[in-house]
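Hello,

Here is the structure for your files. My notes on its pockets follow below it.

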Amino acid sequence: MATIFTKIVNGEIPCFKIAEDENYFAFLDINPIKKGHTLVIPKVEEDYIFNLDDNTLAGLSVFAKKVAKAIEKTIPCLRIGVAVMGLEVPHTHIHLVPMEREKDLNFSNPKLKIDPIEMEEIASKIRANF
Ligand code: AMP
């Protein structure tokens with residue numbers, strides 16, 4: 001059965017899309033720990049990032065870098081933090097989180113409640129900078 005992230009790629013589940021190419025896709029995390037918190041995924045369904053083949057992993061990193069640069073231009077921050085956990089969704093995803101301080105990358109922080117209109121505004125601004 002397709003993962004929830006494959007359903008997002010296929011347009012079966014809505015998302016706040018940031019960017020896409022032939023092999024990769026980026027969209028806002030629906031439960032962000034910071035404004036602009038983005039997930040970057042390979043389109044191939046692989047649960048564990050370090051089981052990706054070398055080319056796919058390298059391409060994912062390069063794609064994530066481009067997305068991170070677009071987030072940096074959009075959301076005031078010191079830098080973009082990177083995290084990979086994958087304990088919840090069994091489809092490789094890189095979290096990109098705008099950071100001003102170390103604790104901003106703590107996934108135990110309360111999730112932000114951002115209304116859908118603002119989420120779309122954030123996504124469209126990041127898209128425009130991609
Ligand atoms: P983890 O697998 O532990 O890295 O966490 C999965 C992440 O995916 C969480 O931060 C969720 O908020 C996020 N997530 C789950 N479903 C969706 C969705 N439909 N759209 C956007 N983000 C999602």
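I begin with the lining of the largest pocket, whose residues divide into 16 nonpolar, five polar and three charged. Please keep in mind that this is a predicted model.

The lining of that pocket comprises 24 residues. Those that lie nearest the centre of the largest pocket are Asp29, Ile30, Asn31, Leu39 and Glu88. The space inside the largest pocket comes to about 520 Å³. As for secondary structure, at least two lining residues each come from helix H1 (4-9) and strand E2 (24-28). Of the elements contributing to the lining of the largest pocket, H1 gives the most, with three residues.

Next is the second largest pocket, with a volume of about 160 Å³. Helix H2 (54-74), strand E4 (79-83) and strand E5 (94-99) each provide at least two residues of its lining. Here H2 gives the most, with six residues. The residues that line the second largest pocket are Ser61, Ala64, Lys65, Ala68, Lys69, Glu72, Ile80, Val82, Ile94 and Leu96. By class, this lining holds six nonpolar residues, one polar residue and three charged residues.

Regards

Definitions and conventions. Residues are numbered from 1 along each chain as its sequence is written. This is a predicted model: local features need pLDDT of at least 70, side-chain atom pairs count only at pLDDT 80 or more; totals for chains, interfaces and linings use all residues. Side-chain values use heavy atoms; hydrogens and water are left out. On a 1 Å grid over the protein atoms alone, a cavity is a set of points where a 1.4 Å probe fits but cannot get out, and a pocket is an open set with protein on both sides within 12 Å along at least five of seven lines; lining residues have an atom within 4 Å of a point. Grid points are joined across faces, edges and corners, and a volume is the space filled by probe spheres set on the points. Helices (H or I, at least four residues) and strands (E, at least two) are DSSP runs, numbered from the N terminus. Ala, Val, Leu, Ile, Met, Phe, Trp, Tyr, Cys and Pro count as nonpolar, Asp, Glu, Lys and Arg as charged, and the others, Gly among them, as polar.
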